[in-house]
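Here are a few exercises to work through with the model open beside you. Try each task before you read its solution.

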Amino acid sequence: MILDNEKEIEELDPQGMVNDLDTFPEQCKEAVSLGEEVEVPFDLNDFDRALVTGMGGSGIIGDLLSRLLDFPVESNRGYHLPKTARPDDLLIAISYSGNTEETLSALRDGRRRGMNTVCLSTGGKMEDYCARESVPLIKIPVGHQPRASTGYMLFPLLKLLDRAGFAGAVDFDRLLENIEALAESWNSSVPSEDNGPKKLAREFAGKVPIIYGTKRNTRVVAYRWKTQINENAKQPAFWNVFPELNHNETVGYQLGSDLMENGKAIMLKNGLDLERNELRMEIMESLFEDENIDYSLARAPKGDKFTRILGQIYFGDYFSVYLALLNEVDPSPVELIESFKSRLKRAG
Ligand code: F6R
(Lines give C-alpha, C1' and ligand atoms only; values in the text may rest on other atoms or scores of the structure.)
Protein backbone atom coordinates (compact mmCIF):
# COMPACT_ATOMS: atom_id res chain seq x y z
CA MET A 1 0.00 0.00 0.00
CA ILE A 2 1.83 3.06 -1.34
CA LEU A 3 0.11 5.50 1.05
CA ASP A 4 1.84 3.86 4.00
CA ASN A 5 5.20 3.34 2.37
CA GLU A 6 7.55 6.27 3.01
CA LYS A 7 10.12 5.12 0.46
CA GLU A 8 7.60 4.75 -2.36
CA ILE A 9 6.09 8.15 -1.51
CA GLU A 10 9.53 9.77 -1.74
CA GLU A 11 10.11 8.15 -5.13
CA LEU A 12 6.80 9.33 -6.58
CA ASP A 13 7.00 12.78 -4.99
CA PRO A 14 10.59 13.98 -5.57
CA GLN A 15 9.61 17.68 -5.27
CA GLY A 16 8.09 17.15 -1.83
CA MET A 17 4.41 18.07 -2.20
CA VAL A 18 3.63 15.72 0.70
CA ASN A 19 6.29 17.44 2.80
CA ASP A 20 4.80 20.85 1.91
CA LEU A 21 1.52 19.63 3.39
CA ASP A 22 3.15 18.06 6.43
CA THR A 23 4.89 21.39 7.13
CA PHE A 24 1.85 23.57 6.39
CA PRO A 25 1.50 24.60 10.07
CA GLU A 26 5.05 26.03 10.08
CA GLN A 27 4.34 27.79 6.78
CA CYS A 28 1.26 29.46 8.31
CA LYS A 29 3.20 30.51 11.40
CA GLU A 30 6.00 32.09 9.34
CA ALA A 31 3.41 33.80 7.14
CA VAL A 32 1.65 35.47 10.08
CA SER A 33 4.92 37.26 10.91
CA LEU A 34 5.21 38.44 7.30
CA GLY A 35 1.81 40.11 7.72
CA GLU A 36 2.90 41.78 10.94
CA GLU A 37 5.79 43.47 9.16
CA VAL A 38 4.01 44.86 6.08
CA GLU A 39 3.84 48.63 5.84
CA VAL A 40 1.26 50.33 3.62
CA PRO A 41 1.23 54.04 2.73
CA PHE A 42 -2.52 54.42 3.31
CA ASP A 43 -5.07 53.95 6.06
CA LEU A 44 -6.86 50.62 5.64
CA ASN A 45 -9.87 52.04 7.49
CA ASP A 46 -10.52 54.36 4.53
CA PHE A 47 -11.73 51.44 2.40
CA ASP A 48 -15.10 49.84 2.47
CA ARG A 49 -14.31 47.05 0.01
CA ALA A 50 -11.34 45.07 -1.31
CA LEU A 51 -10.89 43.56 -4.76
CA VAL A 52 -8.49 40.65 -4.82
CA THR A 53 -7.17 39.58 -8.20
CA GLY A 54 -5.19 36.44 -9.05
CA MET A 55 -5.35 33.19 -11.00
CA GLY A 56 -5.28 29.51 -10.04
CA GLY A 57 -3.48 28.73 -6.79
CA SER A 58 -3.07 32.48 -6.20
CA GLY A 59 -6.67 33.26 -7.18
CA ILE A 60 -8.15 31.03 -4.47
CA ILE A 61 -6.83 33.49 -1.86
CA GLY A 62 -9.44 36.08 -2.93
CA ASP A 63 -12.21 33.49 -2.47
CA LEU A 64 -10.85 32.59 0.96
CA LEU A 65 -10.61 36.21 2.09
CA SER A 66 -14.11 36.81 0.82
CA ARG A 67 -15.40 33.83 2.85
CA LEU A 68 -13.41 34.52 6.01
CA LEU A 69 -13.37 38.29 6.48
CA ASP A 70 -16.06 40.43 8.09
CA PHE A 71 -15.51 42.93 5.30
CA PRO A 72 -16.70 43.00 1.68
CA VAL A 73 -14.14 41.29 -0.53
CA GLU A 74 -14.69 40.60 -4.20
CA SER A 75 -12.54 37.92 -5.74
CA ASN A 76 -11.50 38.53 -9.34
CA ARG A 77 -9.90 36.38 -12.02
CA GLY A 78 -8.90 37.54 -15.49
CA TYR A 79 -7.36 40.41 -17.44
CA HIS A 80 -9.65 43.14 -16.11
CA LEU A 81 -11.20 44.21 -12.84
CA PRO A 82 -14.99 44.22 -12.57
CA LYS A 83 -16.88 47.22 -13.96
CA THR A 84 -17.78 48.21 -10.41
CA ALA A 85 -14.12 48.74 -9.36
CA ARG A 86 -13.70 52.23 -7.89
CA PRO A 87 -10.67 54.28 -6.83
CA ASP A 88 -11.80 53.98 -3.22
CA ASP A 89 -11.62 50.16 -3.26
CA LEU A 90 -8.44 48.53 -2.02
CA LEU A 91 -6.80 46.42 -4.72
CA ILE A 92 -4.83 43.31 -3.74
CA ALA A 93 -2.99 41.59 -6.61
CA ILE A 94 -1.53 38.13 -5.99
CA SER A 95 0.74 36.11 -8.25
CA TYR A 96 3.04 33.52 -6.75
CA SER A 97 5.45 33.66 -9.72
CA GLY A 98 4.81 37.35 -10.34
CA ASN A 99 4.55 36.62 -14.05
CA THR A 100 0.92 35.69 -14.69
CA GLU A 101 -0.28 37.86 -17.57
CA GLU A 102 -3.92 38.11 -16.50
CA THR A 103 -2.98 39.26 -12.97
CA LEU A 104 -0.41 41.78 -14.23
CA SER A 105 -3.00 43.18 -16.63
CA ALA A 106 -5.67 43.46 -13.90
CA LEU A 107 -3.10 45.15 -11.66
CA ARG A 108 -2.38 47.77 -14.36
CA ASP A 109 -6.14 48.16 -14.88
CA GLY A 110 -6.60 48.99 -11.18
CA ARG A 111 -3.67 51.40 -11.09
CA ARG A 112 -5.07 53.23 -14.15
CA ARG A 113 -8.31 53.61 -12.18
CA GLY A 114 -6.32 55.19 -9.33
CA MET A 115 -6.75 52.35 -6.82
CA ASN A 116 -4.54 51.97 -3.76
CA THR A 117 -2.81 48.63 -4.11
CA VAL A 118 -0.93 45.91 -2.22
CA CYS A 119 0.79 43.11 -4.14
CA LEU A 120 1.92 39.69 -3.00
CA SER A 121 4.45 37.58 -4.88
CA THR A 122 7.78 35.78 -4.79
CA GLY A 123 9.20 38.26 -7.31
CA GLY A 124 9.03 38.21 -11.12
CA LYS A 125 7.54 41.04 -13.17
CA MET A 126 5.22 41.93 -10.31
CA GLU A 127 8.18 42.78 -8.10
CA ASP A 128 9.70 44.98 -10.85
CA TYR A 129 6.36 46.73 -11.31
CA CYS A 130 6.02 47.39 -7.58
CA ALA A 131 9.55 48.84 -7.39
CA ARG A 132 8.89 51.11 -10.40
CA GLU A 133 5.46 52.29 -9.25
CA SER A 134 6.16 52.37 -5.47
CA VAL A 135 3.48 49.78 -4.73
CA PRO A 136 3.94 47.87 -1.44
CA LEU A 137 4.89 44.24 -2.05
CA ILE A 138 4.58 41.36 0.39
CA LYS A 139 7.40 39.10 -0.68
CA ILE A 140 7.00 35.41 0.10
CA PRO A 141 9.45 32.50 -0.19
CA VAL A 142 10.09 31.00 -3.61
CA GLY A 143 10.56 27.30 -4.40
CA HIS A 144 7.11 25.77 -3.94
CA GLN A 145 4.16 25.25 -6.23
CA PRO A 146 1.73 28.21 -5.92
CA ARG A 147 -1.01 25.86 -4.77
CA ALA A 148 1.31 24.56 -2.04
CA SER A 149 1.85 28.09 -0.74
CA THR A 150 -1.66 28.88 0.46
CA GLY A 151 -0.38 29.62 3.97
CA TYR A 152 2.27 32.02 2.65
CA MET A 153 -0.30 33.83 0.51
CA LEU A 154 -3.28 33.88 2.86
CA PHE A 155 -1.89 34.59 6.32
CA PRO A 156 0.07 37.80 5.60
CA LEU A 157 -3.07 39.32 4.08
CA LEU A 158 -5.31 38.04 6.88
CA LYS A 159 -2.91 39.57 9.39
CA LEU A 160 -2.68 42.86 7.48
CA LEU A 161 -6.45 43.19 7.18
CA ASP A 162 -6.92 42.10 10.79
CA ARG A 163 -4.88 45.16 11.78
CA ALA A 164 -7.83 47.21 10.53
CA GLY A 165 -10.32 44.94 12.33
CA PHE A 166 -11.59 43.33 9.11
CA ALA A 167 -10.95 39.73 10.17
CA GLY A 168 -13.46 39.85 13.02
CA ALA A 169 -12.77 37.46 15.84
CA VAL A 170 -9.83 35.59 14.37
CA ASP A 171 -7.61 34.17 17.10
CA PHE A 172 -4.35 33.47 15.25
CA ASP A 173 -2.73 31.47 18.07
CA ARG A 174 -5.72 29.19 18.45
CA LEU A 175 -6.03 28.79 14.66
CA LEU A 176 -2.36 27.85 14.30
CA GLU A 177 -2.73 25.32 17.14
CA ASN A 178 -5.77 23.79 15.44
CA ILE A 179 -3.94 23.51 12.10
CA GLU A 180 -1.05 21.82 13.89
CA ALA A 181 -3.42 19.29 15.46
CA LEU A 182 -4.92 18.53 12.02
CA ALA A 183 -1.44 17.99 10.56
CA GLU A 184 -0.80 15.47 13.34
CA SER A 185 -3.89 13.47 12.33
CA TRP A 186 -3.51 13.61 8.56
CA ASN A 187 0.22 13.68 7.82
CA SER A 188 1.86 11.05 5.67
CA SER A 189 3.29 9.09 8.60
CA VAL A 190 -0.20 8.38 10.05
CA PRO A 191 -1.30 4.97 8.71
CA SER A 192 -4.27 4.66 6.38
CA GLU A 193 -6.61 3.09 8.91
CA ASP A 194 -6.34 6.17 11.19
CA ASN A 195 -5.93 8.82 8.51
CA GLY A 196 -9.12 10.50 7.18
CA PRO A 197 -7.72 11.89 3.89
CA LYS A 198 -5.95 8.59 3.10
CA LYS A 199 -9.20 6.68 3.73
CA LEU A 200 -11.15 9.03 1.46
CA ALA A 201 -8.49 8.78 -1.26
CA ARG A 202 -8.80 4.98 -1.19
CA GLU A 203 -12.56 5.31 -1.45
CA PHE A 204 -12.23 7.61 -4.50
CA ALA A 205 -9.39 5.81 -6.30
CA GLY A 206 -10.42 5.28 -9.93
CA LYS A 207 -13.48 7.55 -9.52
CA VAL A 208 -14.34 10.98 -10.88
CA PRO A 209 -15.28 13.11 -7.85
CA ILE A 210 -18.27 15.46 -8.11
CA ILE A 211 -17.96 17.81 -5.17
CA TYR A 212 -20.87 19.72 -3.74
CA GLY A 213 -20.67 22.71 -1.42
CA THR A 214 -23.08 25.53 -0.63
CA LYS A 215 -23.21 29.01 -2.09
CA ARG A 216 -22.22 31.17 0.86
CA ASN A 217 -20.43 28.65 2.99
CA THR A 218 -18.37 25.85 1.42
CA ARG A 219 -18.24 27.11 -2.17
CA VAL A 220 -14.54 27.97 -1.85
CA VAL A 221 -13.83 24.55 -0.33
CA ALA A 222 -15.63 22.64 -3.09
CA TYR A 223 -13.80 24.61 -5.79
CA ARG A 224 -10.43 24.13 -4.09
CA TRP A 225 -11.00 20.36 -3.76
CA LYS A 226 -11.82 20.19 -7.46
CA THR A 227 -8.78 22.18 -8.61
CA GLN A 228 -6.41 20.35 -6.25
CA ILE A 229 -7.62 17.00 -7.58
CA ASN A 230 -7.07 18.28 -11.13
CA GLU A 231 -3.58 19.65 -10.50
CA ASN A 232 -2.24 17.10 -8.03
CA ALA A 233 -3.97 13.86 -9.03
CA LYS A 234 -4.05 14.83 -12.76
CA GLN A 235 -7.61 13.66 -13.23
CA PRO A 236 -11.01 15.19 -13.84
CA ALA A 237 -13.21 16.36 -10.99
CA PHE A 238 -16.33 18.53 -11.01
CA TRP A 239 -18.07 20.78 -8.52
CA ASN A 240 -21.24 22.70 -7.92
CA VAL A 241 -23.15 24.36 -5.10
CA PHE A 242 -26.50 24.10 -3.37
CA PRO A 243 -29.11 25.40 -3.90
CA GLU A 244 -28.45 26.09 -7.59
CA LEU A 245 -27.60 22.47 -8.42
CA ASN A 246 -31.13 21.43 -7.43
CA HIS A 247 -32.42 23.50 -10.34
CA ASN A 248 -30.51 21.79 -13.15
CA GLU A 249 -27.66 19.38 -12.36
CA THR A 250 -29.91 17.17 -10.21
CA VAL A 251 -31.88 16.12 -13.31
CA GLY A 252 -28.68 14.73 -14.82
CA TYR A 253 -28.85 11.89 -12.31
CA GLN A 254 -32.01 10.55 -13.96
CA LEU A 255 -29.99 8.53 -16.47
CA GLY A 256 -26.95 8.85 -14.30
CA SER A 257 -26.23 5.39 -12.96
CA ASP A 258 -25.25 4.02 -16.41
CA LEU A 259 -23.21 7.02 -17.50
CA MET A 260 -21.77 7.64 -14.05
CA GLU A 261 -20.06 4.30 -13.70
CA ASN A 262 -16.88 6.06 -12.53
CA GLY A 263 -18.53 9.14 -11.02
CA LYS A 264 -18.94 9.55 -7.28
CA ALA A 265 -20.53 12.55 -5.59
CA ILE A 266 -19.35 13.98 -2.29
CA MET A 267 -21.18 16.58 -0.22
CA LEU A 268 -19.23 18.88 2.08
CA LYS A 269 -20.64 19.66 5.51
CA ASN A 270 -19.23 21.98 8.15
CA GLY A 271 -22.11 22.73 10.50
CA LEU A 272 -22.39 26.35 9.31
CA ASP A 273 -24.98 25.88 6.59
CA LEU A 274 -28.49 27.27 6.40
CA GLU A 275 -31.02 24.74 7.66
CA ARG A 276 -32.63 24.70 4.23
CA ASN A 277 -29.36 23.74 2.57
CA GLU A 278 -28.76 21.02 5.17
CA LEU A 279 -32.20 19.66 4.35
CA ARG A 280 -31.39 19.81 0.63
CA MET A 281 -28.30 17.66 1.25
CA GLU A 282 -30.36 15.10 3.17
CA ILE A 283 -32.91 14.91 0.37
CA MET A 284 -30.09 14.64 -2.14
CA GLU A 285 -28.77 11.61 -0.23
CA SER A 286 -32.13 9.85 -0.58
CA LEU A 287 -32.27 10.79 -4.26
CA PHE A 288 -28.77 9.36 -4.82
CA GLU A 289 -29.89 6.15 -3.15
CA ASP A 290 -33.06 5.92 -5.28
CA GLU A 291 -31.12 6.55 -8.50
CA ASN A 292 -28.29 4.20 -7.55
CA ILE A 293 -25.62 6.90 -7.55
CA ASP A 294 -22.47 6.37 -5.51
CA TYR A 295 -21.89 9.20 -3.00
CA SER A 296 -20.09 10.11 0.17
CA LEU A 297 -20.08 12.86 2.82
CA ALA A 298 -17.15 14.88 4.15
CA ARG A 299 -17.39 16.69 7.47
CA ALA A 300 -15.13 19.62 8.38
CA PRO A 301 -13.15 19.62 11.62
CA LYS A 302 -14.94 21.29 14.51
CA GLY A 303 -13.94 24.77 15.68
CA ASP A 304 -14.49 28.38 14.68
CA LYS A 305 -15.27 29.44 11.10
CA PHE A 306 -11.55 29.76 10.23
CA THR A 307 -10.74 26.25 11.48
CA ARG A 308 -13.71 24.69 9.71
CA ILE A 309 -13.04 26.34 6.35
CA LEU A 310 -9.23 26.13 6.35
CA GLY A 311 -9.35 22.70 8.01
CA GLN A 312 -11.56 21.28 5.27
CA ILE A 313 -9.36 22.88 2.61
CA TYR A 314 -6.31 21.28 4.25
CA PHE A 315 -8.12 17.92 4.32
CA GLY A 316 -8.88 18.27 0.59
CA ASP A 317 -5.25 19.15 -0.16
CA TYR A 318 -4.11 15.93 1.54
CA PHE A 319 -6.92 13.95 -0.12
CA SER A 320 -5.85 15.16 -3.58
CA VAL A 321 -2.18 14.36 -2.97
CA TYR A 322 -2.96 10.88 -1.62
CA LEU A 323 -5.15 10.38 -4.69
CA ALA A 324 -2.15 11.37 -6.85
CA LEU A 325 -0.07 8.68 -5.15
CA LEU A 326 -2.79 6.09 -5.74
CA ASN A 327 -2.89 7.26 -9.39
CA GLU A 328 0.90 6.76 -9.39
CA VAL A 329 1.60 10.29 -10.58
CA ASP A 330 3.98 12.91 -9.24
CA PRO A 331 1.68 15.47 -7.57
CA SER A 332 3.92 18.53 -8.19
CA PRO A 333 4.45 19.20 -11.91
CA VAL A 334 1.67 20.80 -13.94
CA GLU A 335 3.02 20.02 -17.39
CA LEU A 336 -0.20 20.82 -19.25
CA ILE A 337 -0.41 24.29 -17.65
CA GLU A 338 3.25 24.97 -18.57
CA SER A 339 2.74 23.70 -22.11
CA PHE A 340 -0.43 25.80 -22.45
CA LYS A 341 1.41 28.90 -21.25
CA SER A 342 4.28 28.39 -23.73
CA ARG A 343 1.88 27.75 -26.63
CA LEU A 344 0.12 31.00 -25.74
CA LYS A 345 3.46 32.83 -25.65
CA ARG A 346 4.50 31.43 -29.04
CA ALA A 347 1.14 32.43 -30.53
CA GLY A 348 1.82 36.11 -29.77
C1 F6R B 1 0.39 25.85 -9.91
C2 F6R B 1 -0.88 26.51 -9.70
C3 F6R B 1 -1.44 27.39 -10.78
C4 F6R B 1 -0.90 28.83 -10.67
C5 F6R B 1 -1.51 29.72 -11.78
C6 F6R B 1 -1.13 31.19 -11.64
O7 F6R B 1 0.79 25.21 -8.70
O8 F6R B 1 -1.46 26.33 -8.68
O9 F6R B 1 -2.84 27.35 -10.64
O10 F6R B 1 -1.21 29.36 -9.42
O11 F6R B 1 -1.09 29.25 -13.04
O12 F6R B 1 0.23 31.37 -11.46
P13 F6R B 1 0.75 32.33 -10.29
O14 F6R B 1 0.19 31.75 -9.02
O15 F6R B 1 2.24 32.22 -10.36
O16 F6R B 1 0.23 33.69 -10.59
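A patch, as used here, is made of residues with over 30% relative accessible area and no salt bridge, with like charges joined within 9 Å and nonpolar side chains within 5 Å. Keep in mind that this is a predicted model.

**Exercise 1.** Find which residues gather in a patch of positive charge on the surface.

*Solution.* Start with the members: Arg 108, Arg 112, Lys 125, Arg 132 and Lys 345 come together in this positive patch. Next, look at the elements: α5 (101-112) and α6 (124-133) each give two or more residues to the patch. Finally, take one member as a check. Lys 125 sits in helix α6, and its relative accessible area of 53% makes it exposed, because exposed means over 50%.

**Exercise 2.** Find which residues form a nonpolar patch on the surface, and state their accessible area together.

*Solution.* The patch is formed by Tyr 79, Phe 340 and Leu 344, and together they have about 310 Å² of accessible area. Now place one of them: Leu 344 belongs to helix α14 (residues 335-346). With a relative accessible area of 38%, Leu 344 is partly exposed.

**Exercise 3.** Inspect the backbone at Pro 243, Asn 292 and Glu 328.

*Solution.* Begin with Pro 243, which is joined to Phe 242 by a cis peptide bond with omega of about 0°. Pro 243 is in the loop between β7 (238-242) and α11 (256-259).

Move on to Asn 292, a non-glycine residue with a positive phi of about 65°. The loop between α12 (275-290) and β9 (295-299) holds Asn 292, which is exposed at 62% relative accessible area.

End with Glu 328: this residue is not a glycine either, yet its phi is positive, about 60°. Glu 328 is found in the loop between α13 (305-326) and α14, and is exposed with a relative accessible area of 62%.

Conventions: Residues are numbered from 1 along each chain as its sequence is written. This is a predicted model: local features need pLDDT of at least 70, side-chain atom pairs count only at pLDDT 80 or more; totals for chains, interfaces and linings use all residues. Side-chain values use heavy atoms; hydrogens and water are left out. Accessible areas come from the Shrake-Rupley method with a 1.4 Å probe; for residues, only the protein chains shown count as cover. A salt bridge is a side-chain nitrogen of Lys or Arg within 4 Å of a carboxyl oxygen of Asp or Glu. Lys and Arg count as positive and Asp and Glu as negative; His and the chain ends are not counted. The place of a charge is taken as NZ of Lys, CZ of Arg, CG of Asp or CD of Glu. Helices (H or I, at least four residues) and strands (E, at least two) are DSSP runs, numbered from the N terminus. Buried means under 20% relative accessible area, exposed over 50%, partly exposed in between (1.4 Å probe, protein chains only).
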